[in-house]
Amino acid sequence: MDTSTVNSGEQLGRQSRILEAVLDLLSRHGISGVNMRAVAREAGVALGLVNYYYEDKSSLIRAALHRMDEHDLMLVAPDPSSPPDEQLRKALKRVAAADLLTTRYLSLRLHLWALAQADEDFGQINAAAFDRYLDGLAALIGNAKPELPWDECRRRADDIVVIQNGMWLTALLGIDNAAIQRSIARTEQIAFAPAE
């Protein structure tokens with residue numbers, strides 16, 4: 001057995017547990033709940049291991065922001081096994097998945113958005129991630145509606161994100177499933193509207 005493969009897999013597993021611990025702590029306590037010792041305890045690893053992978057609290061937060069960026073890009077990832085219009089519909093529905101409409105997830109989002117406003121470095125990471133998400137959504141729109149110019153696809157992606165973020169925020173208030181389905185339908189109307 002190749003021990004470098006095992007060690008590499010173990011390292012990725014540990015780093016993943018550490019990042020999940022950061023995200024859990026952020027969702028429950030905000031930035032004040034994140035410190036190296038709390039992360040180690042939450043992840044079930046030695047403090048030295050957290051220090052091995054991450055220099056300080058800021059590096060933990062940056063890594064968590066990058067993890068959320070990866071997650072968001074998966075929401076708009078193309079699926080070559082489906083036709084373009086179906087890929088777009090699936091992506092528009094993914095943001096209303098049950099695991100994204102939880103108090104934990106929504107609290108995490110709010111804390112990360114607040115951090116992006118409070119710290120320039122975090123803000124730049126968040127802004128770049130947001131642009132990548134918009135570009136991914138606009139690309140799905142463009143593939144489904146090839147007659148649309150790129151700037152129109154991007155404008156539609158902007159409009160859709162406003163509805164998606166509103167859906168996430170109001171889900172905390174206990175909005176019913178029918179309202180969420182209407183929001184998804186509205187995003188489809190925007191995405192698939194005829195060219196003007």
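These questions and answers go through a predicted model of one protein chain.

Residues are numbered from 1 along each chain as its sequence is written.

Q: How many helices and strands are in the protein chain?
A: Helices here are DSSP runs (H or I, at least four residues), and strands are runs of E (at least two), numbered from the N terminus. From that end, the elements run α-α-α-α-α-α-α-α-α. The count is 9 helices and 0 strands.

Q: What percentage of the residues of the protein chain count as buried?
A: Buried means under 20% relative accessible area (1.4 Å probe, protein chains only). In α6, Tyr105, Leu106 and Arg109 are among the buried residues. Of the 196 residues in the chain, the buried share is 41%.

Q: How far apart are the end C-alpha atoms of α6?
A: The expected span of a helix is 1.5 Å times one less than its number of residues. α6 has 16 residues, so it should span 22 Å. The model agrees: the end C-alpha atoms are apart by 22 Å.

Q: Which residues lie nearest the centre of the largest pocket?
A: Its lining holds 20 residues. The elements that give two or more of them are α4 (57-75), α6 (103-118), α7 (120-144) and α8 (150-171). Nearest the centre lie Asp72, Arg109, Trp113, Phe130 and Asn165.

Note on methods: Predicted model: local features only at pLDDT ≥ 70, side-chain atom pairs only at ≥ 80, totals over all residues. Heavy atoms only, no water. 1 Å grid on protein atoms, 1.4 Å probe; cavity = no way out; pocket = protein on both sides within 12 Å on 5 of 7 lines; lining within 4 Å. Buried < 20%, exposed > 50% of the residue type's maximum accessible area, 1.4 Å probe, protein only.
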